[in-house]
Amino acid sequence: MGYCSGRCTLIFICGMQLVCVLERQIFDFLGYQWAPILANFVHIIIVILGLFGTIQYRPRYITGYAVWLVLWVTWNVFVICFYLEAGDLSKETDLILTFNISMHRSWWMENGPGCTVTSVTPAPDWAPEDHRYITVSGCFLEYQYIEVAHSSLQIVLAVSVDSQPLLLVLPLFYSYANSEHTNGIWG
């Protein structure tokens, strides 16, 4: 694979990451899930910096982007484990994704494909006054699997691009080290 081919592939995959994370950001905003909103926002900024680094031949930006992808994959694996309730994780915990600021859940919980939302009256005594108490039934696909699919797509995109920045950085470091403006690798 030539340098231009790898660079063009990285730009395409970064663009796909931006589109997918923007879609995910919208649904996380609709569900008031603050931890994913912050993670998505940081990812958007880092992807833009990675694109800039790729287009402008900035090895430090590309290296930073490659390091961030490791953290991004880790975050998405955590989200998958959270929604599948691996270990002691529970998707009913408000603390993790909403910082215990609100009682909101995934937007897909009420708005998933085929879901029917029914209000329960009277609401239990423990239910907050500013929230409605509902039951959700008839979903074709449960919300946790939609969230898992979102995270899985992010992992696939990150892994498909993970080796690309390293392939770009090495030739850039080599050409910089051997340019007439430097004395050796660091100089």
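Trp72 touches Val21, Arg24, Ala39, Asn40, His43, Gln154 and Ala158, leaving aside residues up to four places away in sequence; a contact here means heavy atoms within 4.5 Å. The model is a predicted one, in which local features need pLDDT of at least 70, side-chain atom pairs count only at pLDDT 80 or more, and totals for chains, interfaces and linings use all residues. Residues are numbered from 1 along each chain as its sequence is written, and side-chain values use heavy atoms, with hydrogens and water left out.

The protein chain has six helices and two strands, taken as DSSP runs numbered from the N terminus (helices: H or I, at least four residues; strands: E, at least two). Their order from the N terminus is α-α-α-α-α-β-β-α. Of the contacts with a separation of 6 or more, 66% are between residues 24 or more positions apart.

Of the 187 residues in the protein chain, 37% are buried (under 20% relative accessible area, 1.4 Å probe, protein chains only). The accessible surface is about 10,900 Å², and carbon and sulfur atoms hold 67% of that area; the areas come from the Shrake-Rupley method with a 1.4 Å probe.

An unreviewed UniProt entry lists residues 34–53 and 65–86 under "transmembrane region"; such annotations may be inferred rather than shown by experiment.

Two cavities of 30 Å³ or more are found in the whole structure. A cavity is a set of points on a 1 Å grid over the protein atoms alone where a 1.4 Å probe fits but cannot get out, and lining residues have an atom within 4 Å of a point. The second largest cavity holds about 30 Å³ of space, the volume being that filled by probe spheres set on the points. Its lining consists of Arg24, Asp28, Gln33, Pro36, Val79, Tyr83, Leu97 and Glu147. Both α1 and α3 supply at least two residues of this lining.

Conventions:
Buried means under 20% relative accessible area, exposed over 50%, partly exposed in between (1.4 Å probe, protein chains only). On a 1 Å grid over the protein atoms alone, a cavity is a set of points where a 1.4 Å probe fits but cannot get out, and a pocket is an open set with protein on both sides within 12 Å along at least five of seven lines; lining residues have an atom within 4 Å of a point.
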